[in-house]
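Subject: Structure handover

Hello,

My notes on it follow.

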Amino acid sequence: MARSGISRLISSVRRSEGHKLRPLSILAFDGTTLGGGRLAMSTAVRAKEEKEPWWREAMDKMRNIGISAHIDSGKTTLTERVLFYTGRIHEIHEVRGRDGVGAKMDSMDLEREKGITIQSAATYCTWNGYQVNIIDTPGHVDFTIEVERALRVLDGAILVLCSVGGVQSQSITVDRQMRRYEVPRLAFINKLDRMGADPWKVLDQARSKLRHHSAAVQVPIGLEEEFQGLVDLVELKAYYFQGSNGEKVVAADIPQNLEALVAEKRHELIEVVSEVDDKLAESFLNDEPISPIDLKMAIRRATVARKFVPFYMGSAFKNKGVQPLLDGVLHYLPCPTEVENFALDQEKSEEKILLSGTPSGPLVALAFKLEEGRFGQLTYLRIYEGVIRKGDFLINVNTGKKIKVPRLVRMHSDEMEDIQEAHAGQIVAVFGVDCASGDTFTDGSVRYTMTSMNVPEPVMSLAVSPVSKDSGGQFSKALNRFQKEDPTFRVGLDPESGQTIISGMGELHLDIYVERIRREYKVDAKVGKPRVNFRETVTQRSDFDYLHKKQSGGQGQYGRVCGYIEPLPMDSPTKFEFDNHIIGQAIPSNFIPAIEKGFREASNSGSLIGHPVENVRVVLTDGASHAVDSSELAFKLAAIYAFRKCYSAAKPVILEPVMKVELKVPTEFQGTITGDINKRKGLIVGNDQEGDDTVVLAHVPLNNMFGYSTALRSMTQGKGEFTMEYLEHSPVSQDVQMQLINAYTATKAAE
């Protein structure tokens, strides 16, 4: 085979421009080694070489991205523009537009009414010959799981920041999620047309608050109502956006009044990138001229390696700056084969396996989101390796079930397009597959599972019940469906009152679900007073020595347990620990699991207010058994009574969820707001000035935050806004503890 054949094969092995080739001998597909001058290559290999580029090119020309940000930063508006410029939709509708149509990606009636995104929506489009799969995510902290699962399966992301609001509380949360899943990202400073827009302030905030190693790749031409276009610092060209919807991008020379600023910002860009890219640093230190292509490749290497974040600018609402951002996605974000994805091999005790990310490997796909559609359950899959075809059989590794793919579709918000097959790197949906969120599917040749998502614990509960008795069936159907779709939404039964309790991430989260039960299932639900998920814990060691003995004729019950309970450290990864320190056979080993079960059961309900006990360690040191009367039940009961008896001596305290609250209010209302937070037993931890607004950071008990949105509106004439997210469970004050205990005792007595 000619030399050019080898070089062609080597270049096809390269993942993309700018990637170093590992100095290894390359194994040909038939097992021969390509090396030195000798080369044995079978016809099958030659055929393979001709065939391979179909997917290599398809993979290189694919991007999977998510758009996430703080509430009202313009994520959905930006996605709407992206779909319009790429020809996926033919007219633009605004999120809260007067025409009442609403943005394409907000397909739920509730989303259109409230003007917020509730569910992440997937779509795909084509730009300059590249296929871009996009997931638009919610900004509200109550729907954080939607962002979490989108970032879990994406290769890159766009972090949208408001040029006036800057880096806000939710921007910090989504950035933390991007770090958790090691997602390379671009940032887009939106709303440059608004009063008070200051992109350089936002860039500084990103560096200080988000610890981004970042620099701008564009300079705006004018700001606020004079915002006209952008100067590209890589290509050194000015771009203006003309036409009724900014669809014509016109390149021009840099305006003279900006030349000095552009030179300074380009120098800063090169300097920042060369700090993390050796190749560019060499040229920079040797004072060599840096061409646009060299700079582009250096930015790409640094962005893919997550060492740099390029900052783009524009105004999605005014149709400016979206096309260059799309170019940036193609230039700087990785294709599926450039991202390292690991699976756990279940046959080798969960050994980490690096997936090739190509269609030629065995099939590995992750179900990351479920939706109940018109035709049954719709399962969103991200394919990490291999190919799925309609009619194929898949194995659900988590359950071991074998299932057939009856229908394979690509999603465009709530519309779907049937496809025959899909390969690695794509995001598709399948119908009629029964599974849970986070399940892994393979073709049966391997037993890999993908690592799961981080699911936060719910912090608030509500009691709900259907108004009419006839609609019980529909009501439970709705709850089952929502629980399957959303891992942060939990449904339980209160053992004392027999009420159905729903738990979630906040007031809005639960309100939305109650509203969806009413609309989608036509069931009116009665809602009880919101209930906070308190916890109990112990503060000191307490010993127990309990004998459970019952004689009733025939076989009795006998079990004695001795030991102590003590608090676990606050940062302990486990909430409950059981240690068996018995030496010898004082208690036969077959009864130990029953004792542990008894202690676990007892810790589900503390004696202060009946909430679960956390951060407790039970140590069993001694005990006694009876040859005839001892049984698992006897020891389980002995453990339950022993725990209850020694619990009060361990000085138990009640823990309550404390929320991190960020308030943004006009400065004139600052005094009223801080006074109100103090009244709610909040602790103010930060106070910043942003233009005419004051940003207050506080830690406030969730129990004192009910109905806060209404109170804030009335205190600030509707001008204040706030976001809150769960921070930690911390002990309540002595007076609150007494109030809670008295209220609990009163309700018990009333029953």
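Helices (H or I, at least four residues) and strands (E, at least two) are DSSP runs, numbered from the N terminus. On that basis the protein chain has 19 helices and 40 strands. The model is a predicted one, in which local features need pLDDT of at least 70 and side-chain atom pairs count only at pLDDT 80 or more, while totals for chains, interfaces and linings use all residues. Residues are numbered from 1 along each chain as its sequence is written, and side-chain values use heavy atoms, with hydrogens and water left out.

The chain as a whole

Buried means under 20% relative accessible area, exposed over 50%, and partly exposed in between (1.4 Å probe, protein chains only). The protein chain has 751 residues, and 54% of them count as buried. Its accessible surface comes to about 33700 Å², by the Shrake-Rupley method with a 1.4 Å probe, where for residues only the protein chains shown count as cover. Carbon and sulfur atoms account for 49% of that surface. A contact means heavy atoms within 4.5 Å. Taking contacts in the protein chain between residues at least 6 apart in sequence, 71% join residues at least 24 apart.

Two strands pair if DSSP finds at least two bridges between them. Strand S14 (residues 342-345) and S26 run antiparallel and are joined by three bridges. Aspartate 345 has tyrosine 448 in S26 as its bridge partner.

Arginine 447 is in the loop between strand S25 (440-442) and S26. Its relative accessibility is 38%, so arginine 447 counts as partly exposed. Not counting residues up to four places away in sequence, arginine 447 touches Leu344, Asp345, Gln346, Glu347 and Val397. Arginine 447 and leucine 344 are 103 residues apart in sequence, yet 8.3 Å apart in space, C-alpha to C-alpha.

Aromatic rings

A pair of aromatic rings is described by the distance of the centres and the angle of the planes. Rings of Phe, Tyr and Trp (its six-membered ring) pair if their centres lie within 6.5 Å; planes under 30 degrees apart count as stacked, over 60 as edge-to-face and the rest as tilted. The structure holds 13 aromatic pairs. One of them is phenylalanine 599 with phenylalanine 643, an edge-to-face pair at 6.4 Å centre to centre and 65° between the planes. Phenylalanine 599 lies in helix H15 (residues 592-603) and phenylalanine 643 in helix H16 (residues 632-647), so this pair ties together parts that are 44 residues apart in sequence. Both of these phenylalanines are buried.

Phenylalanine 643 also pairs with tyrosine 647: the ring centres are 5.6 Å apart and the planes are at 20°, so this pair is stacked. Both residues lie in helix H16, four residues apart, about one turn of the helix. Tyrosine 647, like phenylalanine 643, is buried. Phe544, Phe578, Phe599, Phe643 and Tyr647 form one aromatic cluster.

Cysteines

A disulfide here is a pair of cysteine sulfur atoms within 2.5 Å, and the structure holds zero of them. Cysteine 435 is buried, with a relative accessible area of 6%. Cysteine 646 is buried as well, at 3%.

Other residues

Most residues other than glycine have a negative phi. Glutamate 182 has a positive phi, near 50°. Glutamate 182 sits in the loop between helix H7 (169-180) and strand S7 (185-190), and at 48% relative accessibility it counts as partly exposed. Lysine 681, not a glycine either, has a positive phi of about 60° and is in the loop between helix H17 (670-679) and strand S38 (683-690).

Serine 68, in strand S3 (residues 62-69), is buried with a relative accessible area of 1%. Leaving aside neighbours within four places in sequence, serine 68 has contacts that include Lys75, Thr137, Val147 and Met178.

Regards
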